[in-house]
Amino acid sequence: NPAMTKAVWMLAVLMAQVALAKDYCVVVSKATEADNNWSKVVSAIQKKHSAEVIRYQKSVEEALPALRASFPKYACFVARPQETSKDFVKVIHRMTRRLDDDPYTDLFWGILTGRNADNALAIAQTSDPLIIRNSLACTEIALDRCERGKWFCELKKGHGVAKEKGKGAHEIKLPQDTTSRFVSELNQGKPDLFVTSGHATEQDLQLGYRYRNGVFRCKNGSLYGADLSGKRYFVKSPNPKVYMPIGNCLMGHLDGPESMAAAFLESAGVHQMMGYVEVTWYGYMGWGCL
């Protein structure tokens, strides 16, 4: 039966493709892997996921043929902070939609980086899943969907909402300047999820949007809050957490080791992060990730 023979042949081809496919690929530039400290990051991910390593010389787009051949479920792009430009992110977005002919993204992908190799290695070596139990935000979030958490309003000064485990959400009164309180919640409250919005650049984050409040900045990899009087409160929050700057311009642009994104990874314990590399207003790509 020719039709049956063709069907069996097609099934055999499909099974061969599945057998050849890798669940996980690590994509890295040859220059990054040649750095002894960063090669440890690559090795840690490769060992953890039994991953195939795909190397490129100049552009990350050179990895496309090897990704097409492997067609993995996951791809981790290991990059030094000097490599994580806007163009780097854009090329990965587009390239990961080109493993086949349809217009949709063909795998789950992320960029593994850090302020330095030690920072990236600490993230790579984290094995426990990040489970969201405690949430903190400087913008309104749906606390009814959270086990517990707090959010401080960026629109109305002095307003916030809190929720304890097993209880309903309730309003809390806050000072106009919430800088020290917010840093304290990060350091002592140990949130699993941290959500921000408002005006931001690669070098700062404003806690207020419609009223004057403090600002987050960074210096030498250390994240700190500066209140309206200029007093600094340093962030030391090592517990692994997810950071979602859902309404912030440019916070996802890790513009070298002295950027806000790099400081969040190093001094705020951020192990998973998403964010815009461009200016945004009410982009659903950010808010929709909630």
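**Figure 1. Cysteines without disulfides.** A search of the whole structure, which is a predicted model, finds zero disulfides. A disulfide is a covalent bond between the sulfur atoms of two cysteines. For Cys76, the closest cysteine sulfur belongs to Cys25 and is 11 Å away, which is too far for a bond. Cys76 has a relative accessible area of 6% and is therefore buried. Cys218 likewise takes part in no disulfide, and the nearest cysteine sulfur, in Cys138, is 16 Å away. Is Cys218 buried or exposed? Its relative accessibility of 13% means that Cys218 counts as buried.

**Figure 2. The largest nonpolar core.** In soluble globular proteins, nonpolar side chains tend to be buried together. In this predicted model, the largest nonpolar core has 46 residues. Val78, Phe216, Leu223 and Phe264 are the residues with the most contacts inside this core. Several elements each supply at least two of its residues: strand S1 (24–29), helix H3 (36–49), strand S3 (74–78), helix H6 (117–124), H7, S11 and H8. Which of the elements gives the most to this core? The answer is H8, with six residues. A second, separate core has 16 residues, and Leu64, Ile92, Met95 and Leu107 are among them.

**Figure 3. The surroundings of Phe264.** Phe264 is one of the residues with the most contacts inside the largest nonpolar core. Residues up to four places away in sequence are not counted in this view. With these set aside, Phe264 touches Phe194, Leu205, Phe216, Leu223, Tyr243, Met251, Gly269 and Val270. Two of these partners, Phe216 and Leu223, are also named with Phe264 among the residues with the most contacts in the core.

Figure 4. Three bridges join strand S12 (residues 222–226) to S13 in the antiparallel sense. What is the bridge partner of Tyr224 in S13? Phe234 is that partner.

**Figure 5. Pairing of S5 and S6.** Strand S5 (residues 134–137) and strand S6 (residues 148–152) run parallel and are joined by four bridges. Within this pair, Ala137 has Trp151 in S6 as its bridge partner.

**Figure 6. S7 and the strands that pair with it.** S6 pairs with strand S7 (residues 159–163) in the antiparallel sense, over four bridges. Phe152 has Gly160 in S7 as its bridge partner, and Gly149 stands opposite Lys163 of S7. S6 and S7 form a hairpin with six residues between them, and Gly158 in the turn has a positive phi of about 80°. S7 also pairs with strand S8 (residues 170–173), again in the antiparallel sense and over four bridges. The bridge partner of His159 in S8 is Lys173. The hairpin of S7 and S8 has six residues between the strands, and Gly166 there takes a positive phi near 80°. How many of the five residues of S7 are buried? Five of its five residues are buried, and the strand is mostly covered. His159, Val161 and Lys163 point one way from S7, whereas Gly160 and Ala162 point the other way.

**Figure 7. Thr280 in its loop.** Thr280 lies in the loop between strand S15 (270–273) and helix H9 (284–287). Thr280 has a relative accessible area of 16%, so this residue is buried. The side chain of Thr280 reaches the backbone nitrogen of Gly283 at 3.5 Å. Leaving aside neighbours within four places in sequence, Thr280 is in contact with Gly247, Asn248 and Cys249.

Note on methods:
Residues are numbered from 1 along each chain as its sequence is written. This is a predicted model: local features need pLDDT of at least 70, side-chain atom pairs count only at pLDDT 80 or more; totals for chains, interfaces and linings use all residues. Side-chain values use heavy atoms; hydrogens and water are left out. Buried means under 20% relative accessible area, exposed over 50%, partly exposed in between (1.4 Å probe, protein chains only). A polar contact is a pair of N or O atoms within 3.5 Å; within protein, one must be able to donate a hydrogen and the other to accept it, and residues adjacent in sequence count only if both atoms are side-chain atoms. Contact means heavy atoms within 4.5 Å. Two strands pair if DSSP finds at least two bridges between them. A nonpolar core is a set of buried Ala, Val, Leu, Ile, Met, Phe, Trp, Tyr and Cys residues joined through side-chain atoms within 4.5 Å. A disulfide is a pair of cysteine sulfur atoms within 2.5 Å.
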